[in-house]
Structure formats: structure tokens, C-alpha cells
Amino acid sequence: MYRTILLLIITSLSLFWYSSLQAQAPEPNYDETKVPEYVLPDVLKSATGKLVRSQREWERSRRGEILTLLENNIYGQMPKVYDSIRYMIVSENKMSMQGRVHLKEVLIEVFNQRKSVKINLVLFVPNNAPKPVPAFVLINHRSKDNIDPARDTKSNFWPAEVVVDAGYAIAAFHVDDLAPDHKDLFINGVLELYPEQLKADNGMRAIGAWAWGASRVMDYFQKDALIDKDKVVIVGHSRGGKASLWAAAQDERFAICVTNCSGNTGAALSRRQFGERIAVINTAFPHWFNNNYKTFNNKEDSLPVDQHMLVALIAPRPIYATSASEDLWADPKGTFLCLKNAEPVFSLYGLKSSLPKEQPPIDKPVIQSPIAYHNRAGKHDLTLYDWKNFIKFADYHFKSRYK
Ligand code: GTR
């Protein structure tokens, strides 16, 4: 009897909780005419109202100010200090992929406060490319099969063969090593090394932990003589693309940032309120961003930042953002506009973006630019088409522009 009553109470409470969440989460808008009027925070205007006019002023004051705003209001703090780190080659095959490639499986173990996290890095280095070789690193949030070191499974999500044949090393790690992508389990990883973060409203959460992991991979690349540490491209798709942006913004050792279909709280403007919204993402994925971000549910206009400011932090390093034409949830137009609104910061460095005024047509990539963009025909995904364009982009910046 008691159990039945208890069960009834629990069921109605959870129904109530669920419906209040639903009420919080607005219906997505896919109608361009219903995009509200909005004013973006000026990326060049500091908190004191002063307009930044030079690279120096940007680097000395405004850049740090924006980084702090993003930390405090969205992504959380990024702890940079740890007690120690060690790298172990757990498996190696110098003649992988029919002799073309040197495979290394590296265990990166990071220690802090008597705890450790273990990051499993898969790395393929082309044998015939001049050393050190530039590299792509994927933040993988999908199945581990996508980054199979044995190559029994091959996937266009991480087309290792294509990338190494283009003369690049390719690496990947899985987000679960840093913070499992689950609202209760995400604390099992990096956050055990920094327990104080969990208590802070502006503390690190899952996306921050994944970005932190990308930086530890970068720490490893400083020590691997095969890798050109000055030419590392960080890549992420969707939630991984939110993390690749945050990693590149935080860690200036990443030479290029690729953010594929990253959408809301990635490379799409929040104020457009098109497709996924802050209230929706915070409800579905409460573990991705910090507590303070929840106060902006349905209040996009009161955020002191918008996503163009995150993109601007990558400058002067090249950035490539993509959309997919059927992926309205991630707001293709809002992604393009986000890049456009980051242009003034690239201009401070004398870098001229080749992006047109209006969003380019489907399948017409703009690559020869410090800020690149394409809107691929099709669905939300990371495909061979996307990778082939990322390779062209890296070729353009690493080979033609710098050499
Ligand atoms: C969706 C989420 C998006 C995006 C996507 C993904 O459910 O709403 O923001 O991150 O997942 O990662 O594929």
C-alpha cells in the first residue's frame, strides 16, 4: 500500500518536473521572418566602453575580458595547472596501413590532487611525409569504432587513410576519457582532479573537460618529434565542435580550429534564437555548461557575449566553421553571421576575410581565407566532403601562406 502511494507520488512529481522542463524549453523557430531583432555585443568595445583599435589593445585588454566573460557565463574555468603528466606508448606499428603509416597508441596520464585521468590517443603518422608533420586531432564524441586503430572499422567521421595520404598525421581521443557525456556521470574524469570546479557556478563542466583534454594532447605533441607542434589543427563535430572552439580559444598552441556543425553555443549566434536555443540545450544537456549559463535560459539578449566573440578569440589563427543544409537545428545562417561578426578582430591583424556579404550557396566552400565556411548539402554529420575541405584549408594556410 505504502509502496503504491510512494510510487504514485514519485510518478506525479517526475511528470510535473518533466512538464515544467518542457514549459521552459520553447518551440524551435525555423522561420527566418520570425528571427527577432537583436543587437550583438560589440566585440571591440571593452567593458569600460573603450573601442579597441589595435592588435596590441586587443591582446592586452579586450581578449582577456572576453575569455573571462565566456568562462564565467558559459563554459566554466579552465584549470591549467596539474601535478604531473606522463606519456606511454602502449602499442606501436611502424608499418600500419600496408606500410604507409606509423601508428602509435599513446596513453596520456595526468595527475592532480592524488587522482589521475587517462587519455587514450590514437595517432597515425604518414611514413613518407617530411618530418615533423602537421596534424589533425579529432575530439570524438561518437562511437569509439570511428577511431579504430586496427582499421577493421573505417569511417568517414575520421577518415584516417585520406588524411595521412594528404601528408598529415591524424589523431583522435574519446570524450569519455575526460568526462562521460551523461548528466550524472560527467564528474568521473577531469573533474575529479579539480573537485572545486564542481562547487563553483562558473566551474568547468563536460565541454570544458573535453577541451582540457585536447590541450593535454597538445602537451604530448610538444614531446613527439614526428609532429609539427606549430601546425596542429583541432577538429570537432557538433558538441565536439563546441569543445574544439573552446579548446582553441583557451589554448593558443592550436594553429587552426575546425568546428563542424557546432550550432548552439558553438559557432551559431544565440541571439537569433533559430533552431536550438539556450534553454533547450541547458535542459537536455545540463552537464555541458556551467550553472551561470542556466540563468540565460530564454534570455539570450541579456548574455554579455555572443558566439562571434568566441570565434574572435581564435584570431589571428585560421578558423573553419561548417553547416549542413538540412541541419536547421544548428542554424546555418546564424553560423555564417557569427563568422562575419568576428571579422573585425581578424582585421586588427591585417587579415582580410574572403567571406562574401551573404551566406554562400550550398556546396560552395570559401576556403582561401583566415575565416572559412561551407554549407554542405545534407544532414548533421561530419563527412568525407567536410574533411577534404579541411585538408585544403590546412594546405592553404600551412603550405601556401606560410611557406
Ligand atoms: C544535439 C544537440 C546539439 C548538438 C548535437 C550533437 O542533440 O542539441 O547542440 O550538440 O546534439 O552533438 O550531435
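Start by selecting K242 and the ligand: a polar side-chain atom of K242 sits 2.9 Å from an oxygen atom of the ligand. That makes a polar contact, meaning a pair of N or O atoms within 3.5 Å; within protein, one must be able to donate a hydrogen and the other to accept it, and residues adjacent in sequence count only if both atoms are side-chain atoms.

Before moving on, note that this is a predicted model, where local features need pLDDT of at least 70, side-chain atom pairs count only at pLDDT 80 or more, and totals for chains, interfaces and linings use all residues. Residues are numbered from 1 along each chain as its sequence is written, and side-chain values use heavy atoms, with hydrogens and water left out.

Next, show the whole shell: H141, S238, R239, K242, E276, I281, F285, W288, W329 and H380 surround the ligand, each with a heavy atom within 4 Å of it. Colour them by class and you'll get four nonpolar, three polar and three charged residues. Here Ala, Val, Leu, Ile, Met, Phe, Trp, Tyr, Cys and Pro count as nonpolar, Asp, Glu, Lys and Arg as charged, and the others, Gly among them, as polar.

Time for some helices (DSSP runs of H or I, at least four residues; strands are runs of E, at least two; both numbered from the N terminus). Select 206–221 for α7 and 239–250 for α8: they pack at about 60°, with axes 8 Å apart. The axes are lines fitted to C-alpha atoms over the stretch in contact, with angles running from 0 to 180 degrees between N-to-C directions.

Last stop, the loops. Most residues other than glycine have a negative phi, and most peptide bonds are trans. Go to Q113, in the loop between β2 (101–112) and β3: Q113 isn't a glycine, yet its phi is positive, about 45°. Then pick K131 and P132, joined by a cis peptide bond with omega about -5°. P132 is in the loop between β3 (115–126) and β4 (133–140).
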